[in-house]
Amino acid sequence: MTWSEFQYRFQKIRDNKVFELFVIAVIIFSSLMIGIRTYELNPTFENVLWILDYAVTLFFVIEIAIRMAAEDRLRDFFKKGWNVFDFVIVVVSLIPLDDSEYALIARMLRLFRVMRLISFVPELRVLVSALITALPRMGYVALLMFIIFYLYAVIGNLLFAHINPTLWGDLGISLLTLFRVATFEDWTDVMYETMTVYSLSWMYYISFIFFSAFVFLNMMIGIVVDVLAEEHQKMEAEKMGETLDNKQTFENKVEDEIASLHAKLDKLLEQKQAG
């Protein structure tokens, strides 16, 4: 059997939905094992978990090897960021879980196995891609928000430090207090305390909440929704492109088979004429 035939079989395994669902089930099972280890277990069950962990690690190595072998060229595998992500997680999970100084690091790195669900579930990939793409735009909104927080924190320190130094004693504490107000964590208690001295101080809190909880939050949501729509469009375009590529590949294979049959037929006719 030639390598191209092996490669074709690997491609069928990689594209098989049952195999994909089985990989997802193994990822979830691996994550559950990590959670179970946080409890007190008897030695026998602990040994069983160790064996299962090595079996899962071996399965992941085989699975990533199949996906690499299914590519026409090995470098094509590493052109996709999610493939690189999976490869790195599988490689770091090969660190042995013994009593060495790296045992704790190995256990922590195994936690990232659950992140492989992202690369196997298309909708999760879209969400993560949208979040990463939106970060630069969200950064400008966060910068503007920090400026507003800074201004209000300084004003709050100047006005209310003598009322409650615990909440408004310095810039850092004032920022934490404003964060409490922005998250609506007992913010009315803070407001009513300052209103006993400054009756109009409610304007300070209402205006701050208007900016932080309504304006900036909606700006963040708008950016994420906009980028998410763009990522969905990209995913649909990629699906159409893959469908066209698969169709073209199938047509090329059919043409090659037809050409091969014609060549065999011509050869048989030549042999018959010669005989």
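Is Arg 67 buried or partly exposed, and what is its relative accessibility? Arg 67 counts as buried, at 11% relative accessibility; buried here means under 20% relative accessible area, exposed means over 50%, and partly exposed is in between, with a 1.4 Å probe and protein chains only.

Quick housekeeping before I go on. This is a predicted model, where local features need pLDDT of at least 70, side-chain atom pairs count only at pLDDT 80 or more, and totals for chains, interfaces and linings use all residues. Residues are numbered from 1 along each chain as its sequence is written, and side-chain values use heavy atoms, with hydrogens and water left out.

OK, back to Arg 67. Its side chain meets that of Asp 86 in a salt bridge, 3.0 Å from N to O. By salt bridge I mean a side-chain nitrogen of Lys or Arg within 4 Å of a carboxyl oxygen of Asp or Glu. The pair links distant parts of the chain, with Arg 67 in helix α3 and Asp 86 in helix α5 (residues 81-92), 19 residues apart. Helices, by the way, are DSSP runs of H or I with at least four residues, numbered from the N terminus, while strands are runs of E with at least two.

Now look at Asp 86 itself. Asp 86 is buried too, at 1% relative accessibility. Leaving aside neighbours within four places in sequence, Asp 86 is in contact (heavy atoms within 4.5 Å) with Ile 64, Arg 67, Arg 116, Ser 119 and Phe 120. There's also Leu 117, which is 31 residues from Asp 86 along the chain, with 9.7 Å between their C-alpha atoms.

How many salt bridges does a search of the whole structure find? It finds seven. One of them joins the side chains of Glu 71 and Arg 14, at 3.3 Å from N to O. Glu 71 lies in the loop between α3 (43-69) and α4 (74-77) and Arg 14 in helix α1 (residues 3-15), so this pair ties together parts that are 57 residues apart in sequence. Glu 71 is buried, with a relative accessible area of 16%, whereas Arg 14 counts as partly exposed at 24%. Asp 15 joins in as well: Arg 14, Asp 15 and Glu 71 are linked in a network of salt bridges. If you skip residues up to four places away in sequence, Glu 71 touches Gln 7, Arg 14, Asp 76 and Phe 77.

Next, the packing of two helices. Helix α2 (residues 17-36) and α3 pack at an angle of about 145°, with their axes 10 Å apart. Those axes are lines fitted to C-alpha atoms, for helices over the stretch in contact, and angles run from 0 to 180 degrees between N-to-C directions. Residues making the contact include Phe 19, Phe 22 and Val 23 of α2 and Phe 45, Leu 49 and Leu 52 of α3.

Last stop, helix α8. Arg 137 in α8 (residues 122-160) and Glu 230 in α12 (residues 202-274) are 93 residues apart, and they form a salt bridge with the closest N and O atoms 3.6 Å apart. Arg 137 is partly exposed at 34%, and so is Glu 230 at 28%. Helix α8 also bends by about 45° at Leu 135, with a proline, Pro 136, following within four residues; the bend is the angle between axes fitted to the seven residues ending there and the seven starting there. Among the buried residues of α8 are Ala 134 and Met 138.
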